Amino acid sequence: MQIQDNLIHIHQQISQACQQTNRLADSVQLLAVSKTKTVQDIQQAINAGQQAFGENYVQEGVEKIQYFAQKGIPLTWHFIGPLQSNKSRLVAEHFDWMQTLDRVKIAERLNKQRPMGKPPLNVLIQINISDENSKAGIQPKEMLGLAKHIENLPHLRLRGLMAIPAPTDNMPQQKMALSAMYVLFEQLKKAFPEQQIDTLSMGMTSDMETAIACGSTMVRIGTAIFGKRHYSTN
Ligand SMILES: *Cc1c(COP(=O)(O)O)cnc(C)c1O
């Protein structure tokens, strides 16, 4: 029951990190990142009480969503990978959250493609906070403009921000990026008081505690729950 044990351990780490920074233990949600993992692995996490899962690849994610929907198990699915516009329909139709929104064009497509019977798609704006090599995410100065656009799309619900800071062993540098995200999050909340801006998605297996200390409300954890990922080479 390795996955179950891992989840218990991570919940302990989250509450400790919260305690150390005087935050409530339930102020940080755990998103289980299940990319490349099997439905059996996911089922083990579900048995341990996990309800929210993150997937990076559209097709793989949709297959898992449909598998558990057929079983009648209610889960919440977050899309956390880069999205090409020709795949936006599948995200709009199947996922509950889209965390990597960084373009008006994708926002408009998702809004148009979100099925009528479903609640609005929850979205996070992805900010490119430190990774100069990555094309994913917008620059901080573009945040309010994109948010303004999303505000006018009735089938999307803006919930906050997401970031994948460049990996580094340099603690001050890591903290600087994560703290900069918190400042942007506060700015966004102030600028859109009518919106339910409540989610700052940052922190992975390697920087979870620092991210919580810097104000994260959702950590996205893969390796520490499911073990190392094995990518097929074909
Ligand atoms: C894979 C992935 C994670 C999980 O990373 P781990 O280091 O395995 O915890 C989190 N966020 C995103 C966007 C990812 O692609």
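Q: Which residues surround the ligand, and which are the closest?
A: A residue is near a molecule if one of its heavy atoms lies within 4 Å of it. Here 13 residues surround the ligand. The closest are Lys 35, Asn 56, Thr 205, Thr 223 and Arg 229. This is a predicted model: local features need pLDDT of at least 70, side-chain atom pairs count only at pLDDT 80 or more, and totals for chains, interfaces and linings use all residues. Residues are numbered from 1 along each chain as its sequence is written, and side-chain values use heavy atoms, with hydrogens and water left out.

Q: Which side chains have a polar atom 2.7 Å from an oxygen atom of the ligand?
A: Lys 35 places a polar side-chain atom 2.7 Å from a ligand oxygen. Asn 56 also has one 2.7 Å from a ligand oxygen. For Arg 220, a polar side-chain atom lies 2.8 Å from a ligand nitrogen.

Q: How is a pair of aromatic rings described?
A: By the distance of the centres and the angle of the planes. Rings of Phe, Tyr and Trp (its six-membered ring) pair if their centres lie within 6.5 Å; planes under 30 degrees apart count as stacked, over 60 as edge-to-face and the rest as tilted. This rule gives four aromatic pairs. One aromatic cluster is formed by Phe 53, Tyr 67, Phe 68 and Trp 77.

Note on methods. Polar contact = N/O pair within 3.5 Å; in protein donor to acceptor, adjacent residues only side chain to side chain.
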